[in-house]
Amino acid sequence: VQLQASGGGLVQAGGSLRLSCAASGRTDSSYSMGWFRQAPGKEREFVAAVFGSNEVTRYADSVRGRFTIFRDNVKNTVYLQMNSLKADDTAVYYCAAGAWSQVVSGTPSYWGQGTLVTVSS
């Protein structure tokens with residue numbers, strides 16, 4: 001499974017950004033997909049995950065209510081819609097895939113490359 005993330009950039013605080021992650025290879029809706037992020041000087045942390053055809057989602061407390069994860073299984077793509085962005089959201093964002101338990105525990109089978117999100121205050 002190969003994961004290609006895109007959509008990062010520079011945005012002002014309060015603004016919005018949508019990240020995309022296209023999956024290729026052996027992919028199907030049985031894989032859970034998720035987003036993680038790593039801020040400068042900090043460890044990588046879980047952001048959000050989605051199971052199946054958007055039946056189940058999970059969010060970190062820090063983003064709940066502001067971020068939305070959803071997937072398009074026809075396009076094999078998972079998205080992260082980020083609204084009301086804060087300076088603390090500045091990080092490299094990584095997409096990931098694997099079994100649900102793996103993704104939500106931070107040990108997914110597959111990682112994509114990161115995409116940088118910078119929120120200016």
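Buried means under 20% relative accessible area, exposed over 50%, and partly exposed in between (1.4 Å probe, protein chains only). The model is predicted, so local features need pLDDT of at least 70 and side-chain atom pairs count only at pLDDT 80 or more, while totals for chains, interfaces and linings use all residues. Residues are numbered from 1 along each chain as its sequence is written, and side-chain values use heavy atoms, with hydrogens and water left out.

**Exercise 1.** Decide whether R66 is buried or exposed, and find what its side chain reaches.

*Solution.* Start with the area: R66 has a relative accessible area of 11%, so R66 is buried. Next, the side chain of R66 reaches the backbone oxygen of S62 at 2.9 Å. Finally, look beyond four places in sequence: the contacts of R66 (heavy atoms within 4.5 Å) include Q81, M82 and D89.

**Exercise 2.** Classify the ring pair of F36 and F46.

*Solution.* Recall the cut-offs: rings of Phe, Tyr and Trp (its six-membered ring) pair if their centres lie within 6.5 Å, and planes under 30 degrees apart count as stacked, over 60 as edge-to-face and the rest as tilted. The structure holds 6 such aromatic pairs. For F36 and F46, the centres are 5.6 Å apart and the planes at 75 degrees, so this pair is edge-to-face. Both F36 and F46 are buried.

**Exercise 3.** Work out how exposed L116 is, and which residues L116 touches.

*Solution.* With a relative accessible area of 48%, L116 is partly exposed. Not counting residues up to four places away in sequence, L116 touches G8, G9, A91 and V92.

Note on methods: Polar contact = N/O pair within 3.5 Å; in protein donor to acceptor, adjacent residues only side chain to side chain.
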